[in-house]
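Subject: Structure handover

Hello,

Here is the structure you asked to look through. Please open it beside this message and follow the residues as they come up.

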Amino acid sequence: MTTRLADIAAQAGVSEATVSRVLNGKPGVAATTRQSVLAALDVLGYERPVRLRQRSEGLVGLITPELENPIFPALAQVIGQALTRQGYTPVLATQTPGGSTEDELTEMLVDRGVAGIIYVSGLHADTTADMQRYERLRAQGVPFVLVDGFSSQVQAPFISPDDRAAMSLAVTHLVSLGHTRIGLALGPKRFVPVQRKIEGFVRSMQEQLGLSAETVEKELVQHSLYTLEGGQAAAAALIGRDCTAVVCASDMMALGAIRAARQQGLDVPRDVSVVGFDDSPLIAFTDPPLTTVRKPVPAMGQAAVRTLLEEIGGTPAPHSEFVFMPELVVRGSTASAPGERGRP
């Protein structure tokens with residue numbers, strides 16, 4: 001027990017006496033100090049005493065797409081941690097091909113009396129989907145927040161990255177390296193984030209390279225699936241059209257683009273530069289380390305929770321979209337265009 005107290009005290013940066021007071025539920029300890037001690041318990045893998053366990057304020061559902069793309073677990077982790085800090089219990093519900101649909105997962109969560117639901121990249125992002133499902137949910141009195149994808153038909157708060165700005169960052173970087181044939185690989189056109197990325201890409205290519213919108217959309221935009229294989233297929237098509245750089249709508253697609261280049265005997269970044277989107281966990285350790293546009297996952301996840309808890313608390317956010325600025329992270333998958341090397 002003494003060893004344990006010393007470990008916790010060292011981790012929390014407080015005295016053993018303070019740790020003892022917290023563990024025994026004694027008064028006279030500042031709230032921040034108490035929180036530090038509890039955090040130290042968690043970090044060191046000790047179980048919290050029963051009397052110190054927070055009573056749940058209720059369940060909050062989190063519906064995400066498949067978890068194979070590491071950006072979704074990363075976002076789920078941020079949202080889950082933010083909910084537990086506020087005393088709520090997160091319930092993760094994942095959609096998988098052939099598994100439960102978003103509507104079935106919603107019904108399951110509502111039946112369990114959740115206090116609210118956060119949707120990540122759900123049907124709200126699909127312009128062909130029926131948005132009445134969300135109005136029916138609102139009519140049931142269930143608060144919800146929608147992440148990634150906006151619809152003017154749904155009266156709810158939305159949390160989004162600035163997809164147009166993301167494309168501007170990527171194109172500006174590649175143009176500065178001398179690239180003039182830049183391709184864009186992304187998912188199906190029916191999704192709002194895809195449409196916005198195309199808008200940002202076309203505008204940047206017009207402004208920076210003087211290309212017409214028709215030329216860009218016809219020759220330099222390639223739709224595929226949001227998977228490694230999808231990125232590989234899209235990049236192969238773009239490289240076949242003499243693109244020396246490929247911007248991808250996800251890091252998974254970017255890994256596929258690198259594979260496509262290598263299959264054609266090309267080197268990344270010497271022959272083809274590749275830019276991803278998300279900055280998923282571990283993507284800095286790929287070969288080569290991926291240049292990518294970082295999605296502001298911590299800020300978006302915390303905003304989603306804060307907004308939902310305001311809805312639950314009876315002070316709903318207006319029907320609006322909170323847009324978060326991404327940032328470019330330059331690593332090893334981009335370099336000067338092949339024809340630019342050796343120039344002063």
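Please keep in mind that this is a predicted model.

**Aromatic rings**

A pair of aromatic rings is described by the distance between the centres and the angle between the planes. There are four aromatic pairs in the structure. In one of them, the ring centres of Tyr119 and Tyr134 are 5.5 Å apart and the planes stand at 85°, so this pair is edge-to-face. The cut-off used for that label is an angle over 60 degrees. Tyr119 belongs to strand S3 (residues 116-120) and Tyr134 to helix H6 (residues 132-139), so the pair links distant parts of the chain, 15 residues apart. Tyr119 is buried, at 1% relative accessibility, and Tyr134 is buried with a relative accessible area of 1%.

Phe150 and Phe158 make another edge-to-face pair, with ring centres 4.8 Å apart and planes at 65°. Here Phe158 is buried at 0% relative accessibility, whereas Phe150 is partly exposed at 23%. Tyr119 and Tyr134 also come together with Phe144 in one aromatic cluster.

The charged end of Arg4 is placed over the ring of Tyr46, 5.4 Å from the ring centre. Over the face of Phe277 lies Lys197, at 4.1 Å from the centre of the ring.

**Salt bridges**

Side chains of opposite charge can pair when their charged atoms come close. How many salt bridges does the whole structure have? The search finds 13.

One of them joins Asp126 and Arg190, with 3.0 Å between the closest N and O atoms. Asp126 is buried, with a relative accessible area of 7%, while Arg190 is partly exposed at 37%.

Another salt bridge is formed by Asp279 and Arg331, at 3.0 Å from N to O. This pair also links distant parts of the chain, 52 residues apart: Asp279 is in the loop between strand S9 (273-278) and strand S10 (291-294), and Arg331 is in the segment after strand S12 (327-329). Asp279 counts as buried at 15% relative accessibility, and Arg331 counts as partly exposed at 22%. The cut-off matters here, because buried means under 20% relative accessible area.

Glu327 and Arg294 meet in a salt bridge as well, at 3.4 Å from N to O. Glu327 is in strand S12 and Arg294 is in strand S10, 33 residues apart, and the pair links distant parts of the chain. Glu327 is partly exposed, with a relative accessible area of 42%, and Arg294 is partly exposed at 30%. Asp279, Arg294, Glu327 and Arg331 are linked in a network of salt bridges.

**Helix H4**

Helix H4 runs over residues 71-85 and has 15 residues. From its first C-alpha to its last it reaches 21 Å, close to the 21 Å expected at 1.5 Å a residue.

Which residues of H4 are buried? They are Ile71, Phe72, Ala74, Leu75, Ala76, Val78, Ile79, Gly80, Ala82 and Leu83. An α-helix has 3.6 residues a turn, so residues three or four places apart point the same way. You can trace this along the list on screen. The cover over the buried residues of H4 includes strand S1 (58-64), strand S2 (88-94), S3, strand S4 (144-147), S9 and helix H12 (297-312). After H4 comes Gly87, which has a positive phi near 90°.

**Cysteines**

The structure holds zero disulfides. A disulfide would need the two sulfur atoms within 2.5 Å. Cys243 is buried, with a relative accessible area of 4%, and Cys248 counts as buried at 0% relative accessibility.

Regards

Methods. Residues are numbered from 1 along each chain as its sequence is written. This is a predicted model: local features need pLDDT of at least 70, side-chain atom pairs count only at pLDDT 80 or more; totals for chains, interfaces and linings use all residues. Side-chain values use heavy atoms; hydrogens and water are left out. Rings of Phe, Tyr and Trp (its six-membered ring) pair if their centres lie within 6.5 Å; planes under 30 degrees apart count as stacked, over 60 as edge-to-face and the rest as tilted. Helices (H or I, at least four residues) and strands (E, at least two) are DSSP runs, numbered from the N terminus. Buried means under 20% relative accessible area, exposed over 50%, partly exposed in between (1.4 Å probe, protein chains only). A charge sits over a ring if NZ of Lys or CZ of Arg is within 6 Å of the ring centre and within 35 degrees of the ring normal. A salt bridge is a side-chain nitrogen of Lys or Arg within 4 Å of a carboxyl oxygen of Asp or Glu. The expected span of a helix is 1.5 Å times one less than its number of residues. Contact means heavy atoms within 4.5 Å.
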